[in-house]
Amino acid sequence: MTFITHGWRESINSAWVSPMVGNFSEVRGGCIIFIDYSFYGNTNYLMLLANFEKVSNIITKMMKELENLGFNPNDWFMFGHSAGARLIIDAATNFGYQKVKEIEGLLEYLKSDETFDDRIFFQSL
């Protein structure tokens, strides 16, 4: 199972999302869960920070529910971009120390005319 989160001022409609989901689907297989917190992330950064814990707790709750349904966190991969990386790290930490198999984040900011290159994804594997 793969979890993906976007960065501040992004959403599931960001240009990099579809290719990234396709890459994860092809390479990792299984279920892909995209966490779109754009309701809080498309505002000013202070609004995102004010709601950071709330969003992180929602992700942690979802992770606990999936584990209770029988999904093994040792098979999970989590990827976050920018603020999304911080969110998944926080949520995974709250979920349990080293329970998730692998977490990866990209903290670099991309200019609006740039997109993720497939090489970034494959270099990270």
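Entry 1, ground rules. I number residues from 1 along each chain as its sequence is written, and I use heavy atoms for side-chain values, leaving out hydrogens and water. The model is predicted, so to speak of local features I need pLDDT of at least 70, and side-chain atom pairs count only at pLDDT 80 or more, while totals for chains, interfaces and linings use all residues.

I looked up nonpolar cores, meaning sets of buried Ala, Val, Leu, Ile, Met, Phe, Trp, Tyr and Cys residues joined through side-chain atoms within 4.5 Å. Buried is under 20% relative accessible area, exposed is over 50%, and partly exposed lies in between (1.4 Å probe, protein chains only). The largest core holds 20 residues, and Phe3, Ile59, Met63, Trp76, Met78 and Val100 have the most contacts inside it. Strand E2 (32-35), helix H3 (45-68) and helix H4 (83-95) each give two or more residues to this core. H4 gives the most, 6 residues. Helices (H or I, at least four residues) and strands (E, at least two) are DSSP runs, numbered from the N terminus.

Setting aside residues up to four places away in sequence, I find Ile59 touching Ile35, Met78, Leu87 and Ala91. Contact means heavy atoms within 4.5 Å. A second, separate core has 9 residues, including Ile4, Val17, Met20 and Phe79.

I placed Ser38 in helix H2 (residues 38-41). Ser38 is buried, at 17% relative accessible area. Beyond its neighbours within four places in sequence, Ser38 contacts His6, Glu10 and Ser11. The C-alpha atoms of Ser38 and Glu10 are 6.4 Å apart, across 28 residues of chain.
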